[in-house]
Amino acid sequence: MSTERWNHNIHYHRLLLAAVPAGGRVLDVGCGEGMLTREVAARAAHVLGVDLDRPSIELARATTAQANVEYRCADVLVDAFDGQVFDAVVSVATLHHLGTRAGLQRMAALLRPGGVLGVVGLASSRLPQDLPWEIAAAIGTRLLKLRHTYWEHAAPKVWNSPDDYGSVRRIASECLPGASFRRLLLWRYILLWQKPQGLGVAGALAWRGPWRGGGE
Ligand SMILES: C[S@@+](CC[C@H](N)C(=O)[O-])C[C@H]1O[C@@H](n2cnc3c(N)ncnc32)[C@H](O)[C@@H]1O
């Protein structure tokens with residue numbers, strides 16, 4: 001059995017790491033105790049982990065030795081981030097805490113033109129149509145727990161997403177035209193998107209996406 005920490009979120013870190021441009025400035029939204037933040041730091045120039053939960057941020061600071069990592073205890077939906085925009089924004093298991101539409105709008109606004117958004121998120125299953133997914137996820141989890149040491153993070157959790165997979169896909173396509181959405185085996189989905197080029201810095205800071213003036 002591997003002694004490395006494993007859970008359903010960590011299982012999909014590699015998908016986000018593959019999407020992060022090497023050498024860029026990255027924001028990890030809802031970083032918890034910073035496990036993904038530290039992994040991203042191995043390939044990025046700088047990573048800022050942001051989380052609302054002070055004990056998680058304190059733990060993250062205490063367990064991170066890399067000089068190119070910073071943490072901020074703040075609400076990503078309201079913090080101004082000193083006017084910064086990022087080459088990539090990543091987030092694991094946090095979008096449903098923020099509200100899918102508000103969270104995607106905020107993360108998109110924090111990207112520079114051409115920047116990349118990568119979200120691994122949770123959505124609700126609908127029964128009976130999602131039963132095959134539920135069974136596959138339960139079997140997959142049992143098998144993976146035989147091979148890995150399960151680790152439960154201490155960061156705040158919200159188990160129930162108000163949105164099902166179809167709703168998240170629809171909201172993402174409305175907010176982030178051209179985004180790719182893939183449902184994953186272990187009760188997760190991945191959403192990847194590249195912000196259109198050519199807005200300029202002022203445009204990037206002001207950008208609110210195609211919902212401006214009309215959305216919910
Ligand atoms: C389920 S945890 C995931 C933590 C980490 N990404 C992981 O995979 O272990 C969700 C995190 O989102 C944080 N969070 C929720 N709402 C937030 C907000 N508005 N701004 C910043 N962080 C937030 C919570 O404090 C919590 O640490």
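Modeller: We will take the sheet, the helices, the core and the ligand in turn.

Modeller: This is a predicted model, so to speak of local features we need pLDDT of at least 70, and side-chain atom pairs count only at pLDDT 80 or more, while totals for chains, interfaces and linings use all residues. Residues are numbered from 1 along each chain as its sequence is written.

Biologist: What makes the order of the seven strands in the open sheet?

Modeller: Pairing does. Two strands pair if DSSP finds at least two bridges between them. Strands are DSSP runs of E, at least two residues, and helices are runs of H or I, at least four, both numbered from the N terminus. The order is S4-S3-S2-S5-S6-S9-S8, with mixed pairing.

Biologist: Why do S4 and S8 stand at the edges?

Modeller: Strand S4 (69–73) and strand S8 (180–184) each have a single partner strand, so one side of each lacks a neighbour in the sheet.

Biologist: How do you know that S5 and S6 pair?

Modeller: Six bridges join S5 (residues 86–92) to S6 (residues 111–121), and the definition asks for at least two. These strands run parallel. Val 92 stands opposite Val 120 in S6.

Biologist: Why is Pro 55 called partly exposed?

Modeller: Pro 55 has 13 C-beta neighbours inside 10 Å. Buried needs 20 or more other C-beta atoms within 10 Å, exposed means 12 or fewer, and partly exposed lies in between, with C-beta atoms placed from the backbone. So Pro 55 counts as partly exposed. Pro 55 is in helix H3.

Biologist: What makes H5 mostly covered?

Modeller: Seven of its 10 residues are buried. Among them are Thr 100, Leu 104 and Met 107. Their cover includes S2, S5, H4, S6 and helix H7 (165–175).

Biologist: Which residues touch the most other members of the largest nonpolar core?

Modeller: Such a core is a set of buried Ala, Val, Leu, Ile, Met, Phe, Trp, Tyr and Cys residues joined through C-beta atoms within 7 Å. The largest has 50 residues, and Val 26, Leu 27, Val 40, Val 89, Val 90, Leu 117 and Ala 172 touch the most other members.

Biologist: How do the residues of the shell around the ligand divide?

Modeller: They divide into 10 nonpolar, seven polar and four charged. Ala, Val, Leu, Ile, Met, Phe, Trp, Tyr, Cys and Pro count as nonpolar, Asp, Glu, Lys and Arg as charged, and the others, Gly among them, as polar. S3 and helix H4 (95–98) each supply at least two residues of this shell.

Definitions and conventions
Two residues are in contact if their C-beta atoms, placed from the backbone, lie within 7 Å.
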